[in-house]
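Visitor: Hi! Could you walk me through the pockets in this one, and then the ligand?
Guide: Happy to, have a look at it here.

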Amino acid sequence: MPGLPLFWRGNEGEAIMYNPQIHKLINACLQKKDIDIAGKDNLFYTRMVANTTAIYYLYNQLYQHHPHGKPLFIVLIDTIIDAYIKRTTAQKELDNDKEIQGNWFLSNDIAGMSLYVDRFCGDLKSMPEKLAYFKKLGVNFLHLMPVMQSPEGESDGGYAVSDFRKVDERFGTMADLKKLQQQMKKEKMYLMIDIVLNHTSHYHEWAKKAKAGDKKYQDYFYMFPDRNLPDQYDAAMPEIFPESSPGNFTWNEECRQWVMTVFHSYQWDLNYTNPAVFVDMLDNIFFYANLGVDILRIDAPAFVWKQVGTTCQNLPLAHTLLRLIKQCVQVATPGMALLGEAIVAPKEIMKYFGTGLYTSRECDFAYNATHMALQWDALATGDTKVMLAAQHEILQKPFGTTWITYTRCHDDIGLGYDDYMIQHAGYNPYHHRKFIKDYYSGVAEGSPAIGALFSVNPKTQDARISGSLASLCGLEKALNENNTPAIELSIKKILLMQAHSFFIGGVPMLFYGDECGYTNDYSYLQDPGKSYDNRWMHRPIISWDKNNRIDEAGTIEATIFSGTQKLIALRKQLPMVADHKNLTWLSPFNVHVAGYLRTLDDAKLYCVFNFGKETAYLSYAAFKQHGPTAHELYDHWNDKTYTVGFDNEHLILEPYGFCLLEQR
Ligand code: GLC
């Protein structure tokens, strides 16, 4: 690097300012390429000059001491330029459109669904014909669960990738994926896929070479000849799958090394202290961007940086790495937003949006996992106090970033909110969590739920929850008992849960099957590649006979589908639902009722949800606390108009009922 110091010596402020030496370096790299810096590629060139100082700074934070740090920086710059060159003209135009639109992903027009292609419709070839189904529902954003090559039986639902650039035969081919993407573009739909950043399958080419003794690739993983360092790591690292995959290391007989395997023993953790790993994985990220991906789900980002003596989660350098990815993506493929799948404590989740100079310059999206779990808490207890006690943290999310909001996904439900939030609500955290776990695993007396505990840690008694939305809301039990009022009640709960997450701000992400009320599927128990992982109980195999009942009025499928459809349509109609950091919680006049206000200019939408099993009476005072009081409120959900009464008068919410009230 002519003229560039090996190490960054300036302060953080300088690290985002113009630097003539870096400008010279960029020009030198660009001279070798077919780039028209004064003409059609001028915007790219501008982004490059603007961002590379930050890229250099972040890179040096990670790699200044690495012997290959300096030469690989040039490779990094080349990788960025090549990614841009490979982007099609149409993709570049879309990049520009999205930039002009600004924060396009905050829009209330986007509604998503996450699905396994094979379990949904067989393969990628069959997906285009299903687009009409999504359109009918109002879904215009798809998260395809991992479709890249992954060994059957040691797959973790595709999260153990053996080739990042080859679609697994089970799903089809890369050509099928591209065709689907093109079709989705035509239908103005957004696409999300995963980059499994933290680990590869032990059948990935790098892992195979490492097993064979290739030192270069052994350095792509964390490998140790004896237990000395693994023991030191293990002492401070929690276990992710304590039942099925205890510990964080696996002995590999072939190379006679202990390999770090934080998740399953067949998922080898990548060693990001090696800049070659970073550059290779960034290139994979660009490969996905150039497939036309709109939002990239970065799987398990909390784990990407390890340091002995720590939990190896949420470390500051993990954030540096994500920031580095973000700045690189912004230069080459700026239309692709990033979702950081950090399912961690509320305070920690927030940091994935960036802090300090990098506020809103790290991940564009994160999962609102805290709120997801709080909804389940409120549903089980009928009490919204814990939910409210957590909001001061959740509301810290910076403008320009947004949430994925959801009630259910392919993973377990972790009760990841903090103990102090439970205490603040007046409960004992241990007993409270125990109640929630007992409730959803169906052990608690009178519980209508059928679910199961996932990853019970025998040492700490920690556990998460598996089970489909419908089964956890009581539909499975009600069906087993042929109990019509209980079926109706469970459907009300399902729609309450969906509505609460659809309007709270962020992009709602449905989990496939939930729109039709799929209950738990126990067939995974017959499959040795899945039976050790009860998350498969809520990953249904779609029966299109069942789904086609959405058109038969009065069926469970039709009732849930049309309710969900109506909620999505309302979301799109009401501009104040877009994520403008425009959410205010209503004072808790009734502990069973969660209420929030969404505002935009003079428009106001009050969303109130009764999590209790009894009728709830909400004082009209609740609607008079934030600006001028409306005279009339129109409830979009129930198509009803209310006149705002005196404070000793009440809006009446039926059990598990809700209203979406616009001020008139
Ligand atoms: C993410 C995925 C989960 C997977 C894990 C390991 O948390 O959502 O399904 O098991 O990463 O890749």
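Guide: One term before we start: helices are DSSP runs of H or I with at least four residues, numbered from the N terminus. Also, this is a predicted model.

Visitor: Thanks! Which helix gives the most to the lining of the second largest pocket?
Guide: That is H20, with four residues. Helix H20 covers 484-502.

Visitor: And how much space lies in that second largest pocket?
Guide: About 420 Å³. Besides H20, the elements giving two or more residues to its lining are H14, H17 and helix H19 (475-480).

Visitor: Which residues lie nearest the centre of the second largest pocket?
Guide: Tyr439, Pro448, Lys493, Lys613 and Tyr656, out of a lining of 25 residues. By class, that lining has ten nonpolar, nine polar and six charged residues.

Visitor: OK, switching over. How much space is in the largest pocket?
Guide: About 1300 Å³. Its lining counts 50 residues, and nearest the centre you find Ile240, Gln313, Ile343, Asp412 and Arg464.

Visitor: How do those lining residues divide by class?
Guide: There are 23 nonpolar, twelve polar and 15 charged residues in the lining of the largest pocket.

Visitor: Which helix gives the most there?
Guide: H14, which supplies four residues to the lining of the largest pocket. Helix H14 spans 369-381, and helix H17 (429-440) also supplies at least two.

Visitor: Now the ligand. Which space does it take?
Guide: The ligand takes the largest pocket.

Visitor: What surrounds it, then?
Guide: The residues around the ligand are Asp156, Tyr159, His199, Phe241, Phe263, Gln267, Arg297, Asp299, Glu341, His410, Asp411 and Arg535. This shell splits into three nonpolar, three polar and six charged residues.

Visitor: What distances do you get from ligand oxygens to side-chain N or O atoms, say for aspartate 411?
Guide: For aspartate 411, a ligand oxygen atom is 2.4 Å from an N or O atom of the side chain. With aspartate 299, the distance from a ligand oxygen to a side-chain N or O atom is 2.8 Å. Histidine 410 also has a side-chain N or O atom 2.8 Å from an oxygen of the ligand.

Visitor: And how much of the ligand's accessible area does the protein cover?
Guide: The protein covers 94% of it, where the ligand on its own has 310 Å².

Technical notes:
Residues numbered from 1 in each chain as written. Predicted model: local features only at pLDDT ≥ 70, side-chain atom pairs only at ≥ 80, totals over all residues. Heavy atoms only, no water. 1 Å grid on protein atoms, 1.4 Å probe; cavity = no way out; pocket = protein on both sides within 12 Å on 5 of 7 lines; lining within 4 Å. Points joined across faces, edges and corners; volume = space filled by probe spheres on them. Nonpolar A, V, L, I, M, F, W, Y, C, P; charged D, E, K, R; others polar. Near = heavy atom within 4 Å. Polar contact = N/O pair within 3.5 Å; in protein donor to acceptor, adjacent residues only side chain to side chain. Areas by Shrake-Rupley, 256 points an atom, 1.4 Å probe, with all protein chains shown as cover. Sits in = over half its atoms within 2 Å of the grid points.
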